[in-house]
Amino acid sequence: MLCAFNPFTYTRSFSANCYYLPVCKRPNLFLLTEATVKEIVIEYEGEKCAARGVLVRCDGEDFIVRASREVVLSAGSIQSPQLLELSGIGNPEILKAAGIEAKVCNPNVGENLQDHFMTKTVYEVQTPPDSEGSDLPPSQTVGSPVEISNIKAPAKAYLPCPVAYCPIFKMVTSQELAGLTAHIRQKIMESKDVREAKLRQSFLPGKMLGAVEFVWDGEANWNPDFKGEPGKRYGTLLQMLQYPFSRGSVHIQPMRGSKATTIDDKPTIDPRYFAGDGKIDFEVMKAGPDIR
Ligand SMILES: Cc1cc2nc3c(=O)[nH]c(=O)nc-3n(C[C@H](O)[C@H](O)[C@H](O)COP(=O)(O)OP(=O)(O)OC[C@H]3O[C@@H](n4cnc5c(N)ncnc54)[C@H](O)[C@@H]3O)c2cc1C
């Protein structure tokens, strides 16, 4: 089963061919590749600050790209908060520890990190008698670029594919669910946050919200610690939490010595898995393999 690319053109969908190529001829579009934004240029206008451009490193040189209208920050869930903090937007204590002048105080920057973490269970699988296996070498099915162009049509391979999104009440007994939902209901009543309350509804009986996504990869062993026996085939069931309660953070590091933290210092990611309300995540992930 090949489900990650166009079955007619045998090309994969990725950001360049889907988002860039169709519009690349527009005269008002310029894409600078191999460039690293070091910080957003924040300028004071009276007492207020405004983002006026970005400081960019490209080909070993730093220069400022000024915005005529606005700066859109979309550096992903890890590097967006990193760039905000490097630019002086965030919790003043964290900025001070990193040696960065606080321009906009906002203690929410870098907080509330949520991760759809997953577990991987490896199963020994039988090779169907009429199957010659995949056209993809096993090493290319996971974690490395798949050379689709080398495959002769009709291609035959088994790429990871979602097989089910399961509501929590399909994974635990009604007694266990009652225990969980009593706790969750109490939380819903307590929470003033509309979004939190909505997330928590995934645990209510009858709500068909898929709490866990199951992905089956029938051709690969995803566990780096598990060494299969020669001649045997293995598949991996991935179980991914969709509505995590664990709340973590991502922040820039404190300065080392007298040198202020820069884009070259990796941010510190603390997912706080299973901490606080995240204990519920543990119960849900534990229940996953018992799906009914
Ligand atoms: C393993 C995995 C599986 C996923 N599966 C799905 C799925 O099946 N369906 C789905 O809808 N979503 C899925 N997602 C989520 C999806 O990939 C993200 O929601 C989406 O990519 C976010 O897009 P974005 O543009 O905000 O950030 P990103 O895609 O993270 O893009 C941020 C870009 O900014 C660049 N950048 C960062 N810092 C700098 C800097 N300082 N200077 C210059 N460039 C910088 C990065 O290199 C990156 O190219 C998955 C994510 C992961 C990690």
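Asp217 stands opposite Thr236 in strand β10, in a predicted model whose strands (E, at least two residues) and helices (H or I, at least four residues) are DSSP runs numbered from the N terminus. Because the model is predicted, local features need pLDDT of at least 70 and side-chain atom pairs count only at pLDDT 80 or more, whereas totals for chains, interfaces and linings use all residues. Residues are numbered from 1 along each chain as its sequence is written.

The pair formed by Asp217 and Thr236 belongs to the contact between strand β9 (residues 212-217) and β10, which run antiparallel and are joined by six bridges. Two strands are taken to pair if DSSP finds at least two bridges between them. Phe214 likewise stands opposite a residue of β10, Gln239. Strand β10 (residues 233-241) also pairs with strand β7 (residues 118-125), in the antiparallel sense and over eight bridges; here Thr121 stands opposite Leu237. Strand β9 in turn pairs with strand β8 (residues 161-166), again antiparallel, over five bridges. Cys161 has Trp216 in β9 as its bridge partner.

The shell around the ligand consists of Thr36, Val37, Ser74, Ala75, Gly76, Gln79, Leu83 and Ile263, a residue being near a molecule if its C-beta atom, placed from the backbone, lies within 6 Å of it. The shell divides into four nonpolar, four polar and no charged residues. In this division Ala, Val, Leu, Ile, Met, Phe, Trp, Tyr, Cys and Pro count as nonpolar, Asp, Glu, Lys and Arg as charged, and the others, Gly among them, as polar.

For residues 76-90, an unreviewed UniProt entry lists the domain "Glucose-methanol-choline oxidoreductase N-terminal"; such annotations may be inferred rather than shown by experiment. The span is 73% helix and 13% strand, and its end C-alpha atoms lie 17 Å apart.

In helix α6 (residues 279-287), the buried residues are Ile280, Asp281, Val284, Met285 and Ala287. Seen down the axis of α6, these residues fall within an arc of 160°, so they line one face of the helix; the arc is that of the directions from the helix axis to the C-beta atoms. The face turned away from the buried side carries the exposed residues Lys279 and Lys286. A residue is buried if 20 or more other C-beta atoms lie within 10 Å of its own, exposed if 12 or fewer do, and partly exposed in between, with C-beta atoms placed from the backbone.
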